[in-house]
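Thanks for coming. Please have the structure open.

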Amino acid sequence: ATVSVLNWKGRVVVFRGRQTRHARLSRVESQKGGDMAMKRTRSELECDAAAAAGGAEGRPRKNVMRNVMVALDVSEGVNKRDFLPDRLSVMVDGVLMFINKYFDACPLGHMGLVVTREMTAERPCRLQVGREAMVAGVKEHVIGSTGSGQGSIQNALQLCVSELSAQPDVATREVLVVWASSSSSDPGNVFDIVQAAKERNIRINVLGFGGKLFVLSKIAAMTGGTYYVPKHETHLHKLLLAHVEAPATLPCQKPSYILMGFPWSKQGGQADALACPRCGTPASALPTLCTTCNITLLSSSHIARSYYSLFQPPAFATEDGGGAADAAPLAASAPRCVACDSAGATCRCAQCGTAVCRDCQTFLEDKLRMCPGC
């Protein structure tokens, strides 16, 4: 028989007999020959074990609340025409697509905008803004302008880090840099601000036109981000869509409760007259932060959309043959779709075997993100 010591809520409990999983996780680990003992509670050890194992059921833990700062390089490098019609047009189209997809998948997320040109950086949109403000900021400060001077990655990151550092730890802190030039003109050591970003758990992802730059690759590697060079416009959109999905939570980030409120109609049942349930302050749109008590105001649909966006879409296997001659007999003998009850369901869920048609497969993968059979 073995004896295990469990430190639970400040109390030492001794278990005699066979050692359980909780006891194995919670036993006291000694260091340096027993001189130094590190005592950790069961909940902390279980949290670390789950993070190391990839979360519950083998899936990485993700956060429903995200804070993303988008830094755009609008220097003279955007005038090059290796992307048709030029780099600026391709970059603007990709960023606008990313903004719409981001707020569709993460309605509880926030986004800010930083633009760098002429060796300086400006912040047209602060964090905590919504879709409309971001689109307006890109159209006003990027569309219609011509690239000039050199960009400064250090000045751009300083604005992003200062904005993200003021945000609570319950949300992720991310920076997406879209770089268009082959150099950066910085007033000092750029790695000083990168080290500050690393200490604040800020992940920096970079998409760079042209050749791969060592400084951008080092910035992404130091902060746990990614760095890719798009080959063409379609490849750029694919790389931007990869950042729409929430990244895995860092092991140092612990789960915590978030205070939220569901606004109620303030005047005569009008849908646009919303008020904070705590202080009664009017709210014009959702989701938003109450200007008085600073709690998050949202609706139940926002929570539902954020919850389902954390999971991977269902995987469907197509059962049709390789040639067109085999497609018609297979569709005629295929079962009916369980979603729309149409004939010719040629796609099956890889997990439960539920048969669906092609149109329902696209809807389940892109919109619903779940299988009706599972």
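**A buried valine and its surroundings**

V175 counts as buried because its relative accessibility is 1%, where buried means under 20% relative accessible area, exposed over 50% and partly exposed in between, with a 1.4 Å probe and protein chains only. Before I go on: this is a predicted model, in which local features need pLDDT of at least 70 and side-chain atom pairs count only at pLDDT 80 or more, while totals for chains, interfaces and linings use all residues. Residues are numbered from 1 along each chain as its sequence is written, and side-chain values use heavy atoms, with hydrogens and water left out.

V175 belongs to strand β8, residues 172-179. Helices (H or I, at least four residues) and strands (E, at least two) are DSSP runs numbered from the N terminus. What does V175 touch, leaving aside its neighbours within four places in sequence? The contacts are M69, L157, C160, L164, I202, R203, I204 and N205, with contact meaning heavy atoms within 4.5 Å. V206 is 31 residues away from V175 along the chain, and their C-alpha atoms are 8.2 Å apart.

N67, in strand β5, is also a buried residue, since its relative accessibility is 3%. Outside the four places on either side in sequence, N67 contacts Y102, H110, L127, L164, Q167, A171, T172, R173 and E174.

Next, the aromatic rings. The structure has 3 aromatic pairs. Rings of Phe, Tyr and Trp (its six-membered ring) pair if their centres lie within 6.5 Å; planes under 30 degrees apart are stacked, over 60 edge-to-face, and the rest tilted. F83 and F209 make an edge-to-face pair, at 5.0 Å centre to centre and 85° between the planes. This pair links distant parts of the chain, 126 residues apart: F83 is in the loop between β5 (66-73) and α3 (87-105), and F209 in the loop between β9 (202-208) and α7 (214-223). Both F83 and F209 are buried. The pair of F98 and Y102 is tilted, because the ring centres are 6.0 Å apart and the planes stand at 35°. F98 and Y102 sit 4 residues apart in helix α3, about one turn, and both are buried. With F103 they form one aromatic cluster.

There is also a charge over a ring: the charged end of K218 lies 5.3 Å from the centre of the F191 ring. The criterion is NZ of Lys or CZ of Arg within 6 Å of the ring centre and within 35 degrees of the ring normal.

On a 1 Å grid over the protein atoms alone, a cavity is a set of points where a 1.4 Å probe fits but cannot get out; a pocket is an open set with protein on both sides within 12 Å along at least five of seven lines, and lining residues have an atom within 4 Å of a point. Points are joined across faces, edges and corners, and a volume is the space filled by probe spheres set on them. The second largest pocket has a volume of about 750 Å³. Its lining has 25 residues, with K101, A105, V244, D366 and R369 the closest to its centre. The search finds 3 cavities of 30 Å³ or more. The largest cavity is about 50 Å³, and T172, R173, N201, R203, A248, T249, L250 and Q253 line it.

To end with the whole chain: there are 11 helices and 19 strands, and 40% of the 374 residues count as buried.
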